[in-house]
Amino acid sequence: MNLIFLGPPGSGKGTQARRISHELNIPHLSTGDFLREAVRDDTELGKKARKYMEAGDLVPDDIIIELIEEKFRNGELNNGGILDGFPRTIPQAEALNMMFEKHRTVIDKVILLAVSDQEVIKRLSGRFYCPTCHAGYNYPVQVPRKEGLCDKDGTKLLRRHDDEVDVVMNRLDVYKKQTASIVDFYRRANKLSEIKADDGPDLISERILKLLTEVKQV
């Protein structure tokens, strides 16, 4: 199956994409991961992407699409795959559709992880990390034994700037403005399904797998 996972920051789309890719035995395609992979391997596309990444600029759509198409050419997507957080714009979605048509396949389902703003703020503002060993903590799911201190080395835990409440609220606003058109695009194409994602990861995974079982039976 060819799947796209959409959702606001903190919705757990990366976590769910990894879980479902394991369950279905299909690759999880995170644009950030395969961009870094191409740069690390010093491929031709990696060299093109590097100059944008090192300048702090967005990598152009055509390079992202070409990287995905490369996965088709080397056979990695023969049994499908999961795109995590891409596309983000209508031109990206249209280019992606053209590429899939070129390879005589389609996007089977676009899954939107629906999470309330309050839950996103709670999840992201509750994330802390140890600056020494880089261990991560997430209130209230994974709490250190001593308040504010790393279990491994006792270092005072820090919160990323991106996870400060005011920054999280701004990220949510940007997400909504950016992705509203994409959600409508896939809804009009009858590809979109929403999954309630305010609950724990196990329950969310169950809902996604149940939905995909129903899709296969259609």
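Q: How do you know that the span of helix α1 agrees with its number of residues?
A: In this predicted model, helix α1 covers residues 13-24, which makes twelve residues. The expected span is 1.5 Å times one less than the number of residues, and for α1 that comes to 16 Å. The end C-alpha atoms of α1 are 16 Å apart, so the two values agree.

Q: What makes the buried residues of α1 line one face of the helix?
A: The buried residues of α1 are Lys13, Gly14, Gln16, Ala17, Ile20 and Ser21. Seen down the helix axis, they fall within an arc of 160 degrees, so they line one face.

Q: Which exposed residues does α1 carry on the face turned away from its buried side?
A: That face carries His22 and Glu23. To be called exposed, a residue needs over 50% relative accessible area.

Q: Why is Lys13 called buried?
A: Lys13, which has its place in helix α1, has a relative accessible area of 17%. Buried means under 20%, so Lys13 is counted as buried.

Q: Why is Arg19 called partly exposed?
A: Arg19 is also placed in helix α1. Its relative accessibility is 30%.

Q: Why is Ala93 called buried?
A: Ala93 lies in helix α5, residues 90-102. Its relative accessible area is 0%. The limit for buried is under 20%, so Ala93 is buried.

Q: What separates Ala93 and Ile182 along the chain and between their C-alpha atoms?
A: Along the chain they are 89 residues apart, and their C-alpha atoms are separated by 7.6 Å. Lys13 and Lys102 are likewise 89 residues apart in sequence, with 27 Å from C-alpha to C-alpha. For Arg19 and Ile90, 71 residues apart along the chain, the C-alpha separation is 27 Å.

Q: How do you know that Cys130 is in no disulfide?
A: A disulfide is a covalent bond between the sulfur atoms of two cysteines. To count as one, the two sulfur atoms must be within 2.5 Å. The nearest cysteine sulfur to that of Cys130 belongs to Cys133 and is 3.7 Å away. Cys133 is in no disulfide either, its nearest cysteine sulfur being that of Cys130, at 3.7 Å. The structure holds zero disulfides.

Q: How many cavities does the count give?
A: There is one cavity of 30 Å³ or more. The largest cavity holds about 60 Å³ of space. A cavity is a space where a 1.4 Å probe fits but cannot get out.

Q: What makes up the lining of the largest cavity?
A: Among the residues that line it are Asn2, Leu3, Ile4, Leu83 and Phe100. Strands β1 (2-6) and β3 (81-84) are the elements that give two or more residues to this lining. β1 gives the most, with three residues. By class, the lining has eight nonpolar, two polar and no charged residues. Gly81 is one of the lining residues, and Gly is counted as polar.

Q: What is known of the largest pocket?
A: The volume of the largest pocket is about 990 Å³. A pocket is an open set of points. Of its 36 lining residues, the closest to the centre are Lys13, Thr31, Asp84, Gly85 and Arg88. Elements supplying at least two residues of its lining include α1 and α7 (165-188). The lining divides into twelve nonpolar, 13 polar and eleven charged residues.

Q: Which element gives the most to the lining of the second largest pocket?
A: Helix α6 does, with four residues. This pocket holds about 760 Å³ of space. It is lined by 28 residues, and Gly10, Thr15, Arg123, Arg127 and Asn138 lie nearest its centre.

Note on methods:
Residues numbered from 1 in each chain as written. Predicted model: local features only at pLDDT ≥ 70, side-chain atom pairs only at ≥ 80, totals over all residues. Heavy atoms only, no water. 1 Å grid on protein atoms, 1.4 Å probe; cavity = no way out; pocket = protein on both sides within 12 Å on 5 of 7 lines; lining within 4 Å. Points joined across faces, edges and corners; volume = space filled by probe spheres on them. Buried < 20%, exposed > 50% of the residue type's maximum accessible area, 1.4 Å probe, protein only. Arc of directions from axis to C-beta.
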